[in-house]
Amino acid sequence: MYLLSDIIKTLENIAPLELAEKWDNVGLMIGSTSQEINKVLCALDINEEVIEEAIQNNAECIITHHPLFFKPIHQIDFETPKGRLIKKLICSNISVYAMHTNYDSVHGGINDLLCDKIGIVNTRVLHPTYIENVYKIAVYVPESHWEVVRQALVDHNICSIGHYKGCTFTSQGEGTFIPLEGSMPYLGETGRLEHVEERKIECVIREKNIRTVLDTIKQVHPYEEPAFDIYKLENMSKISGFGRYGQLEQELSIESFIIRLKKIFGLSYVRVTPFKNQTVKHIAICSGSGAEFIKSASKVAELYITGDLKFHEAQEACALGLTVIDIGHYASEHSAMKSLAAQMSAQLTGLEISCSQVDGETIKIQ
Ligand SMILES: [Zn+2]
């Protein structure tokens, strides 16, 4: 059993809220963070069928990609479709949490999962929206306390690199200082030069954790004035944003690539604009409705995969010499909910997580 707040913490670690677009609405839609949760249902959207599925599965929480509320609501009229959903969710004590553009943009989110699925490598962000700076901190600690300080940094889960946590480096040296009048030194005497065996502990930290790191050091460091340096790293800033671009390991004919794409996404058809080249290697992709990035895609790829392509957008792509494959909004996003369920399972042991079987494609081909 988990509290909803535990689950939210995990979700916001996977896709931080600050990565969401300003126009978006992500996070807790309905519910109480103190609610006890045993079962979770992941779905692309909320509708009557999905709520019914959650009730049948005894799921106390539904995690969606598309937010239940996009715009502020001024009344909850039970006669409207939205009002009925809200009533049913509250009466069934089911909470709802949405991770939308933050999950599109984040490293390891929907667009990276799509690249992995298709086999696009050496990927970069197509439309950057957020750059997070990364820093290195070096703190100088006497021999007697270096392990305590290092452990405190590790325990706060703030020194991570990629898929590794608890990443620190220590080196030994000698520190010197002269305590001045009015000081309360942990070691040494006022006015006398002190030599101390010290260790320098270094670790990489995210910009948002700087305050926590400094507070942690001050809590466990024995010195009245702990010495530390913080400097910005030029090689590790994290760029997040919409879409990705990269290459296939091997150039393929457009025809064989389309066959492969349909197989991967279980599609009977895709919509394709005319192609200039007969082969493809450089590919851009954006989940959901990514037509607004056609121009950016044309600069870095010969082929662009997205959903919801309109007539005039297809014409724009043609004029730019870019082939667009529309795999559909649903196909471009729904498999990501399975990956999210797997990520949550790995981090929330014992929590029952299932993926909706009824949040399918709304548009059918007759
Ligand atoms: Zn979408």
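## A strand pair, its sheet and a helix crossing

Leu41 stands opposite Ser354, a residue of strand E15. The model is predicted, and local features need pLDDT of at least 70, side-chain atom pairs count only at pLDDT 80 or more, while totals for chains, interfaces and linings use all residues. Residue numbers start from 1 along each chain as its sequence is written.

Strand E4 (residues 39–43) and E15 pair in the parallel sense over four bridges, where pairing requires that DSSP finds at least two bridges between two strands. Both belong to an open sheet of five strands with mixed pairing, in the order E2-E6-E5-E4-E15. Strands E2 (27–30) and E15 (352–355) stand at the edges with a single partner strand each, so one side of each is left without a neighbour in the sheet.

The chain holds eleven helices and 15 strands, taken as DSSP runs numbered from the N terminus (helices H or I, at least four residues; strands E, at least two). Two of the helices, H5 and H11, pack at an angle of about 100°, with their axes 9 Å apart; angles run from 0 to 180 degrees between N-to-C directions, and axes are lines fitted to C-alpha atoms, for helices over the stretch in contact. H5 and H11 are therefore roughly perpendicular to each other, a term for angles of 65 to 115 degrees.

| Helix | Residues |
|---|---|
| H5 | 110–118 |
| H11 | 329–347 |

Along its principal axes, the C-alpha trace of the chain spans about 90 × 55 × 35 Å.

How values were computed
Angles under 35 degrees count as roughly parallel, over 145 as roughly antiparallel, 65 to 115 as roughly perpendicular and the rest as oblique.
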